[in-house]
Amino acid sequence: MTNETEDPVASAARLVSGGDRVADSAPGDQGGNQGGALFTATTLDRKNARTERGYHSLFLLMSIVLILPVVAILGLLIVRGGPAFSWEFFTEAPRAQFTEGGIFPALVGTLWLVVVALLASVPLGVAAAIYLSEYAKDNALTRLINLAIINLAGVPSIVHALFGLGAFVLFFDFGTSILAASLTLAIMTLPVVIVSTRETLQAVPQSFRMACWSLGATRWQTIRKVVLPNSVSGILTGVILEVSRTVGETAPVMFTGAVLFTPFLPQGVLDETMAMSLHLYMIATVIPDVPPEVPYGVALSLILMVLVLNSASIGFRVYLRGKKKW
Amino acid sequence: MVSTASEIKLSVKDLSIRYGDHVALEGASFDVRENEIFGIIGPANSGKTSFIRAINRMDEMTPGMEVHGSIEFNGKAVESWRNLYALRSRIGVVFPLPVGLPMSIFENVAFAAKLRGVKGKDALGEVVERCLRRAALWDEVKDRLDSLGSLLSGGQQQRLTIARALSQEPELLLLDEFSIAVDPVTTMRIEEVLKELKQEMTIVLVTNLTQQAQRLADRTAFFLEGQVVEVGETKAMFKGQTKDPRTTHYIEGRFG
């Protein structure tokens, strides 16, 4: 190749390479060696590459900044709460004014609360989301319902607690019980389930529905055979969020079903129960002379409990995602 | 040519389709006869796909789509069908881009049969094999019926959707530019299949390829900017015997 013939090609290559080449790639590393001088990085190339590196670092930094508090909190809890852990801590009830013994009844109580709350909110929330995503026409009523859901999500938990007290404990006369507390928690977490489920359902391509409908399938057959099987993993994400929130909430259960101390494990949904969150709140702020490592130990157990409950559903979700079909 | 009422499969009367202010089709009136291939040609945005959607009442599922006038299917106006699922199950549709439902090849083709109440692996398998054979796909997929439909190549997926439409045993088959995602060889094979299918069902073929309409259609309608310019015998139309010069211009490729 002579210089005369190479020149126009080279300038054309520079024009073409403007957008998508990285500045610091060595000349000739693309398209073999015979065009050694053809591809040189332009000023625009270098600028794009610099910007690209800048944003890469920015987002990486943000992720690290987000992870740091989690690591710090976990570290603090492990260091200060770890010494409280023992077999007895997880298997026995508190003794001697909460200064000895363990958290077993609170652990069991929180499990009860979470499970009953899930049983109430998941079917209700998923059904509502299916209606909103698959059936509802975009009219005033639908918009009103959506607005109500967003508002429900914005209501402070103490307000939910008072509502639960008025509605479930007093009006429906469930008394202070697991049922009343769990229903309160369920109402509080419903918006999370509804919104996340609705988003997941709407992520299923519309073309699947069209194809299904044109085969003569009803809406329900379409939902059952095509939409739901492909959104289960997303629905579980909402459930995971709900579990985390349910385990940690104190205010809603304080008025409706959780008690500071009961020596008995709950036998049914109409019993009162101890709960981890309330237990932590009390021994950390109200009860005197609690050994300092115990509140940290309870907090660590609370987090571990969320992790265990979540990892079960995360595992299930990974399994389902592996089966996702498009 | 005089046709009696029984021979008319679709009777379109003063049909207009709007999306809000946008008029997709205006004042369309024509008949589609039983066991013919009825071609619809025309440039983009001329109302072809909207017409297809109106036939199987997809307007009900499409926000903002309004249909006025009437389409009679077997002499009964589609807007008066109370059970839309029964209507749709009699009409097979093939979309421009293949939509493999997220299930196995077998399930894709067996789906409509299951909806119809066909039960049992053997009965379903028989339907699946018959439909896949007719769609010229059986030999390529017979050993992997349990793999996902969406893993097939574009052309194979389109044949899968044709097999799925056939599994409905439709009286009317609507093909909306089926060959967009299909290679020429496969297109030819499908065209041969369509010629055979004509014995059993009525076919409405929307196509961008005027040559395809010429090869397949008994009669052809020319849609342009939401108007039905003319409907006529395909042979005559392609010989230049058109009522409107715009049709000839389009066929000869002078615009559009």
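Good morning. I begin with one pair of residues in chain B: B:Ala221 has B:Val231, in strand E10, as its bridge partner. Please bear in mind that the model is predicted.

That pair belongs to a longer arrangement. Strand E9 of chain B, residues 219-224, is joined to strand E10, residues 227-233, by six bridges, and the two run antiparallel. E9(B) and E10(B) form a hairpin, with two residues between them. In the turn, B:Glu225 has a positive phi of about 45°.

Strand E3 of chain B, residues 37-41, pairs with E9(B) in the parallel sense, over four bridges. Here B:Phe38 has B:Arg219 as its bridge partner.

How many residues of strand E9 of chain B are buried? Six of the six are buried, so the strand is largely enclosed by the rest of the structure. In a regular strand, side chains alternate between the two faces of the sheet. In E9(B), both faces are covered. B:Arg219, B:Ala221 and B:Phe223 are buried on one side, and B:Thr220, B:Phe222 and B:Leu224 are buried on the other.

I turn now to the contact between the chains. Chain B gives 19 residues to this contact and chain A gives 16 residues. On the side of chain B that touches chain A, the elements giving two or more residues are helix H2 (84-89) and helix H3 (105-116) of chain B. The residues on that side of chain B comprise 13 nonpolar, four polar and two charged.

Thank you for your attention.

Technical notes
Residues numbered from 1 in each chain as written. Chains lettered and ligands numbered in written order. Predicted model: local features only at pLDDT ≥ 70, side-chain atom pairs only at ≥ 80, totals over all residues. Buried ≥ 20, exposed ≤ 12 C-beta atoms within 10 Å, placed from the backbone. Pairing = 2+ DSSP bridges. Contact = placed C-beta atoms within 7 Å. Nonpolar A, V, L, I, M, F, W, Y, C, P; charged D, E, K, R; others polar.
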